[in-house]
Amino acid sequence: MMEAVSVSGPEKTETEGNILVRVEGLRKWFPILGGVLQRTIGYVYAVEDATFNIKSAETFALVGESGSGKTTVGLMLAKLEPPTAGKIFFRAKDVSKLSSSETKWYRKKVQMVFQDPYASLNPRMLIKDTILEVMKVHKIGGSNNYDRAVELMTRVGLSEEHLYRYPHELSGGQRQRAVLARALCVEPEFIILDEPTASLDVSVQAQVLDLLKSLQNEFHYTYLLITHNLAVVRYISDRTVVMYRGMWVESSPTRELFGRAEHPYTQALLASVPIPEPRSTARELLRGEPPNPTERVKACPFTDRCPYVMPICSEKIPPVTQINESHQVRCWLTVKK
Amino acid sequence: MSNVLEIEDLKVEFHTYRGIVKALNGVSLTVEKGEVLGLAGETGSGKSVTGLAIQRLLPGNAVIAGGKIMFDGKDLLKLKEEEMNKIRGKEVTAVFQDPHTYLNPVFRMRDQFRDILLINDREIASIKDKREREKAVDDRIIQMLTEVQMPAPERVAKMFPHELSGGMKQRMMLAMAFSLRPKLIIADEPTTALDVTIQAQVLELMKSLQRKYDTSVILITHDLGVIAETCRKIAVMYAGRVIEMGNIDSVYSKPLHPYTQGLMRALPRADKDLKVEGIGGSVPDLVELPPGCPFHPRCPRAMEVCRKVNPKTLHIDGRVVECHLYDEEIEGRVA
């Protein structure tokens, strides 16, 4: 059932030493169960190929629309979902082959912050207990854990009094800060941020983004930012990979991506973002909707919507084209050039 | 130009166990015929409550504490329920954020659409012959679905809501909302749940239908980008008041109210590198509003008077702004 699909990724141009996370040909198929016997009657091909590497102390963004597979990639990186195929290396260690004590170490080093901070905090626990429990589970510190919790709260811009609040007594922005404090209490290296500001108002979103930036400057955390918000990507990420229907289509330093996107999908995505500045020129609109995730990707997944479609696009998955040493794209157009 | 809607000093309170939540504290705004007004604001600013109040769909614990909603020469707040029923869903229709919760999951799209037409469209409802009537219903549905550029309209009409994608559902909502040629459409975060490429399609579609039928639209959204792309006029709300309203060109290029200025600065941009700056603090508790201007605890330019006196509604160059900085009677102001 698992036929061989060529897995191709960006060339390794960086030295392994600088790379914290390396993802190779990651794939996730979710089985669809049906019938009386609940047998597998099909698959949701959520992720077909995610390949990228994340350097230490950088912010790496995974961008895509709903159904692009970006959150599933995040879950696999957090070891919350096992991959169907492909490999994840953390500090050059194969994550799928970790022993149980190494797994515990991994769970400490890798933390995740979700979109909805209210859903990720226990409503019946004080923020203090939530944070202390995590430290206890990971056997950190001991008698001075409370002082650590206070220090973490100040680090994320809250104060000691907020430790004695229940989640419902905090505002959205404060809750997201509390979730962040909990993630930081185990001294992680790698933090997966899944739409961290999507549920926040803009005035508060800016505060949280700046907090993330300043924490990174001070403590050199590595972030994986999963989002659909391109303005946020431009604001805080160093490098970006764009995903479409479970496949990575373009990978580039963020600055270059916004200046010179090569893939027609990336271009369309950038053109679709509403700009808060009145303008008279009409936007180029992308037709159609993303394809059905219960069908395998056999050619370029963007074929149906691409304004520059060619016959070859519906025949084969495009190979990787190296635009320059740090910019890769998967599109037949760039192959032709 | 004539105004389709004029809201004057609208006050809405919610009675809760915590006390009286003052959701709207004197909202005044106008919508001209054929105009798209963007109603912007953060969570709790009262933008959705304003939309619901116009349709008289406020929940049971809400009390209208004052004000007028003049629609087409009538005060909607004084109408009897039967009279309101003739306006709601016909002259004023709505498009909501999450169409999944507003479409009935157990009926096919055609049947839901049919109900709307039979209840509200007198012309179709008055056809005596059953077969002819059903045909008129089908024709109108297909016509509307074609107008919203629904792919394969005949097939979609036979589908259940769960068979439609998010973008198709929102097209369906637009088809239903425009099918009765309403004078005013209230679109509450119509594209918030959609991906950006689909959002662009739906906004473009809404704009073209609105122009075609000369419909007035109130677009409620927290996204200032969406307003800039879609609207001609913007009203910015804060703590239940419209604190700035005007033509989008002037408001975006030179926001007057410190809150509007802060919002514009807080917005990261996809089209350029910009340093963003959040607004410190958080929105006031609507149970215990601070005295004076509700924004003063967060305002970087707050003066002594802001802590005590409510700002007046000022009219400056065709713009409405509520801020002491622009009030010539206030001494020591530096606008």
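I began on the outward side of H6(B), where B:Arg131, B:Glu132, B:Lys135, B:Asp139, B:Gln143 and B:Thr146 are exposed. A reminder to myself: this is a predicted model.

Next I asked which residues of H6(B) are buried. I found B:Val137, B:Arg140, B:Ile141, B:Met144 and B:Leu145. They cover an arc of only 130 degrees around the axis, so they sit on the same side of H6(B).

H6 of chain B runs over residues 130-147, and at 1.5 Å a residue its 18 residues should span 26 Å; the end C-alpha atoms are 26 Å apart, so the two agree. After the helix comes B:Gln149, with a positive phi near 55 degrees.

On to the chain interface: 32 residues of chain A are in contact with 36 residues of chain B. On the chain A side, H6(A) gives the most, with seven residues. I sorted that side by class and got 18 nonpolar, seven polar and seven charged residues.

Last, the domains of chain A: the assignment gives domain 1 (17-237) and domain 2 (248-273 + 299-337). Their C-alpha centres lie 28 Å apart. Domain 1 brings ten residues to the contact and domain 2 brings seven.

Methods
Residues numbered from 1 in each chain as written. Chains lettered and ligands numbered in written order. Predicted model: local features only at pLDDT ≥ 70, side-chain atom pairs only at ≥ 80, totals over all residues. Contact = placed C-beta atoms within 7 Å. Helix = DSSP H or I, 4+ residues; strand = E, 2+ residues; numbered from the N terminus. Nonpolar A, V, L, I, M, F, W, Y, C, P; charged D, E, K, R; others polar. Domains from an automatic or database assignment. Expected span 1.5 Å × (residues − 1). Buried ≥ 20, exposed ≤ 12 C-beta atoms within 10 Å, placed from the backbone. Arc of directions from axis to C-beta.
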